[in-house]
Amino acid sequence: MKSQNILNQVDLSQTYKEKTNDILDIQYDQSFKPHYGKNFMFRFYNGQPQITIGPHWPLSVCTIISIIVGTYFISAIIYIKSGIWHSSGSVLSGLILEICYLRVFLKNPGINFTSTYVAKTQKSCQQCNLEKEYGTYHCYQCNICVKGYDHHCPWVGKCIGEGNIKEFQMFLISILIFFSCNLFLIMI
Ligand SMILES: [Zn+2]
Ligand SMILES: [Zn+2]
């Protein structure tokens, strides 16, 4: 009985050792290299990019130019029709729309490099070598994993995820504000 207990203890300690070794192997996995996919990343803070620009940035440049031209064209019509005060309201709503767009365009959608230690787990993404948490999805257009993935938006040239979903919703609201505000300014 006693020897059985000792055997069990040996077994347990061996299992513990194996487990510890596994953890150590994972923690000291030096082969990990950050995978940037097709994104451009800037302003790293604690190893995380704060600014990312997606692969479809040429389309985003066209979008922002169209937004600027479109909003100022509407403001010009309001200026001709109703004068400077009405057109300043229009310019202001246009500026809000442009700022909201730029915030979505620049903010990191949820690309992170913190899970570098778990590269060997079953859950990891083979392309990114990262652990896939719940809600993380590998975007094949950006070729990178995005936390809290919502969708890939070609108009902002990147993914919409946990990191920029609020900014995206703000952008949609700003479109609504712009059109209702300008319709009101044209009608009065
Ligand atoms: Zn991935
Ligand atoms: Zn994407």
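Mentor: Let us begin with a term: a residue is buried if 20 or more other C-beta atoms lie within 10 Å of its own, exposed if 12 or fewer, and partly exposed in between. Asn143 has 15 C-beta neighbours inside 10 Å, so Asn143 counts as partly exposed. Please keep in mind that this is a predicted model.

Trainee: Where is Asn143 found?
Mentor: Asn143 sits in the loop between strand S5 (137-139) and S6. Its phi is positive, about 55°, although Asn143 is not a glycine.

Trainee: Is Arg43 buried or exposed?
Mentor: Arg43 counts as exposed, because it has 11 C-beta neighbours inside 10 Å. Arg43 belongs to strand S1 (residues 40-45).

Trainee: Let me step back. How many helices and strands are there in the protein chain?
Mentor: The protein chain has 4 helices and 8 strands. From the N terminus on, their order is α-β-β-α-α-β-β-β-β-β-β-α. The chain has 188 residues, of which 29% count as buried.

Trainee: What share of the contacts comes from residues 24 or more positions apart?
Mentor: Among contacts with a separation of 6 or more, such residues account for 58%.

Trainee: Now the helices. How do H2 and H3 cross?
Mentor: The axes of helix H2 (residues 57-82) and H3 come within 7 Å and cross at roughly 170°. H2 is therefore roughly antiparallel to H3. Residues of H2 that meet H3 include Ile64, Ile68 and Tyr72, and on the H3 side they include Val91, Leu97 and Tyr101.

Trainee: And how do H3 and H4 cross?
Mentor: Their axes come within 9 Å, with a crossing of roughly 165°. H3 and H4 are therefore roughly antiparallel to each other, and their crossing is left-handed. Among the residues making the contact are Gly89, Ser93 and Val104 of H3 and Phe171, Ser174 and Phe178 of H4.

Trainee: Which residues does the "transmembrane region" annotation cover?
Mentor: The UniProt annotation, from an unreviewed entry, covers residues 57-80 and 168-187. Over residues 57-80 the model is 100% helix and 0% strand, with the end C-alpha atoms 34 Å apart. Residues 168-187 are likewise 100% helix and 0% strand, and there the end C-alpha atoms are 29 Å apart.

Trainee: Which residues touch the most other members in the largest nonpolar core?
Mentor: They are Tyr101, Val104, Ile144 and Val146, in a core of 20 residues. The elements giving two or more residues to this core are helix H3 (84-106), strand S6 (144-146), strand S8 (158-160) and helix H4 (165-187). The largest share, 5 residues, comes from H3.

Trainee: What does Ile144 touch?
Mentor: Leaving aside residues up to four places away in sequence, Ile144 touches His35, Gly37, Asn39, Ile111, Cys128 and Cys139.

Methods. Residues are numbered from 1 along each chain as its sequence is written. Chains are lettered from A and ligands numbered from 1 in the order in which they are written. This is a predicted model: local features need pLDDT of at least 70, side-chain atom pairs count only at pLDDT 80 or more; totals for chains, interfaces and linings use all residues. Two residues are in contact if their C-beta atoms, placed from the backbone, lie within 7 Å. A nonpolar core is a set of buried Ala, Val, Leu, Ile, Met, Phe, Trp, Tyr and Cys residues joined through C-beta atoms within 7 Å. UniProt positions are given in the numbering used here, feature names are shortened, and annotations may be inferred rather than shown by experiment. Axes are lines fitted to C-alpha atoms, for helices over the stretch in contact, and angles run from 0 to 180 degrees between N-to-C directions. Angles under 35 degrees count as roughly parallel, over 145 as roughly antiparallel, 65 to 115 as roughly perpendicular and the rest as oblique. A crossing is left-handed if the near helix is turned anticlockwise from the far one by less than a right angle, and right-handed if clockwise.
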